[in-house]
Amino acid sequence: MIAALYRLFFIVCLTVITAYICLNFFGSDLAIFSTVSILSIPLIYSYINLARLKRFIQTDSVENIPLPSGYWEEVYFGLQRLVKGLKLRIRNIEQQHDHFIEAFQASPNGIVMLDDCDHIEWCNSIAERFFGLNFKRDALQKINFLIRRPEFIQYLNKRSFDEPLLMERMGPNSSLSLMLQAFPFGNNRHLLLIQNVTDLQKADAMRRDFVANVSHEMRTPITVLMGFLETVQSLDLEKSQQDQYFEMMMSQAHRMKSLVEDLLTLANLESNALPASSNVVKIETLMALLKNDAEALSQGRHAFSFEANSNSNLLGDEREILSAFSNLVSNAIRYTPDIGSINVSWNINQDGQGEFSVLDTGPGIASEHLSRLTERFYRVDRSRSRDTGGTGLGLAIVKHIASRHQAQLLIESTPGRGSTFTLRFPKERINP
Ligand SMILES: Nc1ncnc2c1ncn2[C@@H]1O[C@H](COP(=O)(O)OP(=O)(O)O)[C@@H](O)[C@H]1O
Ligand SMILES: [Mg+2]
């Protein structure tokens, strides 16, 4: 400011001295001309600098103006500093904004921001996928024009967002269950958070089915057992009749025991750590155990062959592998009518994978059942399964054990001719 006053003072002095000299030596006309000329020098200089400034403002490059000397240098310099500072702040805010957007995009949940009239201000790509939205197209549209499910419109209109809303059959193939909740923020705006709860819902449905199935499976033998007990208690039966009733009670109690044992096996498989791949399971020992059990169960009704075509052993948990193998062998025995034959074999295929196969000449299984056989309590023939002491959990256990050993359960069957159940273990599980 002081520098500017000095400059002004200098120009005024120069003008006065020049005007005085001109007036004394050259007359008044020249004095006026020289005064006007000297006074217009700073005006022209300012005009030139303003024009330059305008040009640089128009191209948004104020910070690149070459600095002139004098008073305008200070103006330009101040302006440049201001513009640089503002641009830096804007860049920082933009970066922060981009980080927020990236974080919201990385969220596994759908996020929609609504303004005070429920127009979409922003949404992430997960929300776009859940609701078939397209942010570029749908920005600033009213959300209830785009998501037209009555329960959603009712939820929004109610304006009470303490509870979440469950929306079923949503998403690309109407296959998703979504849990949605609105949270108020800012000036009467709302943040919609949408969580994909499809797996949770499925697990919940499975749990409910499982409990219903177990109760049903337990109720039958308990009802029969109680019936027998009441009969034995209330009637004066002969010893032989009593023995017959006790035998039938025993068989129902066995049925319950098998069911509880299979349920415990499944529970253990679900809670135990994955089997280590360092324990060697000797196939020869397993084959000997399986042969013993099979002959005891069959009691001479079937012809057996047990072949181990390789000396390679398995790496895994011996108890689990024995349980899976014996489930397959006992199924073959229980479903194959008398005089049928059963082949149990162990091979290493040309890809180095280990294959344990049980082939029988039983009734076979129609193809529509094959994909469901490993579901808990799924049976092709309910009464045959129960008559032979089946629980409906055997193949579910086999499948579980297989997946714990990264093995596959392959089922081939032709109705009327027989079935082959194969467990194929990966190369990494074979001990050469
Ligand atoms: N070797 C087989 N031959 C024919 N059907 C079979 C055989 N193995 C299993 N199944 C069918 O698969 C169903 C499921 O088997 P599983 O899970 O072991 O239960 P279950 O306790 O009934 O044996 C059985 O009920 C039976 O219908
Ligand atoms: Mg079974």
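Q: How many bridges join strand 1 to strand 2, and do these strands run parallel or antiparallel?
A: Here is the general idea: strands of a sheet pair through backbone hydrogen bonds, and the pairing can be parallel or antiparallel. Keep in mind that this is a predicted model. In it, strand 1 (residues 110–114) and strand 2 (residues 120–123) run antiparallel and are joined by 3 bridges. For one pair to find on screen, take V112, whose bridge partner in strand 2 is C123.

Q: What lies between the strands of that hairpin, and which residue there takes a positive phi?
A: Between strand 1 and strand 2 there are 5 residues, and in this hairpin D118 has a positive phi near 65°.

Q: In what order do the strands of the 5-stranded sheet stand, and where are its edges?
A: Read the order across the sheet: 7-9-10-12-11, in an open sheet with mixed pairing. Strand 7 (303–308) and strand 11 (408–414) are the edge strands, each pairing on one side only. Ignoring direction, neighbouring strands in this sheet are turned against each other by 10° on average.

Q: How do strand 7 and strand 9 run, parallel or antiparallel?
A: Strand 7 and strand 9 (residues 341–348) run parallel, with 6 bridges between them. One place to look is E307, which stands opposite S345 in strand 9. Helix 11 packs on this sheet, where it touches strand 9, strand 10 (354–360) and strand 12 (418–425), and the helix direction makes about 15° with that of strand 10.

Q: Why do strand 6 and strand 13 each have a side without a neighbour in their sheet?
A: Start with the order again: this open sheet has 3 strands, 6-8-13, in antiparallel pairing. Strand 6 (280–281) and strand 13 (430–431) stand at the edges with a single partner strand each, so one side of each has no neighbour in the sheet. Strand 8 (residues 313–315) pairs with strand 13 over 2 bridges, and N313 has N431 as its bridge partner.

Q: At what angle do helix 10 and helix 11 pack?
A: For a helix pair, look at the angle, the distance and the residues that meet. Helix 10 (residues 283–298) packs with helix 11 at about 30°, their axes being 10 Å apart, and the crossing is right-handed. Among the residues that meet are L286, L289 and L290 of helix 10, and I321, L322 and F325 of helix 11. By class, this contact has 10 nonpolar, 3 polar and 1 charged residues.

Q: What is the crossing of helix 11 and helix 14 like, left-handed or right-handed?
A: This one is left-handed. The two axes come within 9 Å and cross at roughly 145°. The contact includes E320, I321 and A324 from helix 11 and G394, I397 and V398 from helix 14. Sorted by class, its residues are 7 nonpolar, 4 polar and 2 charged.

Q: Which residues come nearest to ligand 1?
A: Of the 20 residues around ligand 1, the nearest are R379, V380, S385, G390 and G394. Helix 11 (318–335) and helix 14 (394–404) are the elements that give two or more residues to this shell. The shell's residues divide into 9 nonpolar, 8 polar and 3 charged.

Definitions and conventions
Residues numbered from 1 in each chain as written. Chains lettered and ligands numbered in written order. Predicted model: local features only at pLDDT ≥ 70, side-chain atom pairs only at ≥ 80, totals over all residues. Near = placed C-beta within 6 Å. Helix = DSSP H or I, 4+ residues; strand = E, 2+ residues; numbered from the N terminus. Nonpolar A, V, L, I, M, F, W, Y, C, P; charged D, E, K, R; others polar. Axes fitted to C-alpha atoms, helices over the stretch in contact; angles between N-to-C directions. Left-handed = near helix turned anticlockwise from the far one by under 90°. Contact = placed C-beta atoms within 7 Å. Pairing = 2+ DSSP bridges.
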